[in-house]
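Visitor: Could you take me closely through the sheet in this protein, setting it briefly against the whole chain before going into its strands?

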Amino acid sequence: MLTCTPLFSGSTGNSTHLSCDGEEFLIDVGVSCKAVCSALNALGSSIENIRGIFITHEHTDHIKGLEIISKKYNIPVYMNTSSAKYIYCTNGFDNLRRNLNILDPTQSLTTDNARFDVYKTPHDSWGSVCYRVTCGEERLGYATDIGYVTKGIASALLGCETVVIESNHDIEMLKNGPYPIYLQERILSKNGHLSNDDCARFLPYLAQSGARKIYLAHLSKENNHPNIALENAKRALGDYPETEIFVCKEKEFDF
Ligand SMILES: [Zn+2]
Ligand SMILES: [Zn+2]
């Protein structure tokens with residue numbers, strides 16, 4: 001059985017726990033090692049159970065805990081070449097280098113119970129990917145920090161029963177919010193973040209292709225609200241009542 005639990009989500013840090021027939025993984029570790037360990041304990045698991053950490057890209061809100069986790073625990077880390085180049089150009093990632101494995105777009109990795117397929121995503125980082133995870137007959141698609149839904153992202157997510165997809169901002173809130181113009185333009189660009197509207201436009205295709213659980217992820221604290229993102233998504237999925245929608249919390253567990 002494939003289970004997915006978003007532990008942390010948003011610009012303050014992202015990390016999602018996956019379990020595939022008991023084999024456990026994390027996608028991103030953008031909070032401290034301590035916070036990741038506490039969240040896993042609250043979930044009833046432990047960092048010692050994690051068999052691999054899959055990184056989407058090298059922004060701090062996705063890799064913050066990586067170096068300390070690598071120092072304390074010997075967990076294989078999978079990352080695309082361009083994000084890894086960032087690591088190699090940056091001092092202070094000495095422990096991570098030991099555990100680093102390259103996994104690039106169009107490649108896949110098979111573990112005991114799961115298969116991870118990697119797809120390139122448009123984002124303003126050195127490298128950026130999304131994942132499609134197959135566990136027996138079940139599939140999960142995971143895509144955040146995406147400027148728009150490319151054909152590659154659609155290939156990764158369509159046909160998955162469970163999908164985690166970015167619903168970053170409400171465009172009007174962003175335009176009228178506190179962010180300076182250059183940052184607004186960065187977020188709105190094709191290499192920025194996915195708006196509620198662009199996310200909602202894609203949701204019926206996901207539902208039509210079999211999505212039964214959709215998690216809205218990486219919500220902006222300043223330029224979005226969980227209720228707005230949820231209502232937008234519900235409206236878009238009006239014809240698909242069998243598809244459940246969840247909004248990822250900034251922090252899933254209190255500890
Ligand atoms: Zn990012
Ligand atoms: Zn991010």
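Guide: Of the 255 residues of the protein, 49% count as buried, a residue being buried if 20 or more other C-beta atoms, placed from the backbone, lie within 10 Å of its own. This is a predicted model, in which local features need pLDDT of at least 70 and side-chain atom pairs count only at pLDDT 80 or more, while totals for chains, interfaces and linings use all residues. Residues are numbered from 1 along each chain as its sequence is written, and chains are lettered from A and ligands numbered from 1 in the order in which they are written. The secondary structure comes to 10 helices and 13 strands, taken as DSSP runs numbered from the N terminus (helices H or I, at least four residues; strands E, at least two).

As for the sheet, six strands form an open one in the order β1-β2-β3-β4-β5-β6, with mixed pairing; two strands pair if DSSP finds at least two bridges between them. Because β1 (2–8) and β6 (100–102) stand at the edges and each has a single partner strand, one side of each is left without a neighbour in the sheet. From one strand to the next the twist averages 25°, where axes are lines fitted to C-alpha atoms, for helices over the stretch in contact, and angles run from 0 to 180 degrees between N-to-C directions. Within the sheet, β3 (residues 23–27) and β4 (residues 50–54) run parallel and are joined by four bridges, and the bridge partner of E24 in β4 is I50. Helix α4 (residues 81–89) packs on the sheet, touching β5 (77–79) and β6, and its direction makes about 145° with that of β6; contact requires C-beta atoms, placed from the backbone, to lie within 7 Å.

Terms used. Two residues are in contact if their C-beta atoms, placed from the backbone, lie within 7 Å. A residue is buried if 20 or more other C-beta atoms lie within 10 Å of its own, exposed if 12 or fewer, and partly exposed in between; C-beta atoms are placed from the backbone.
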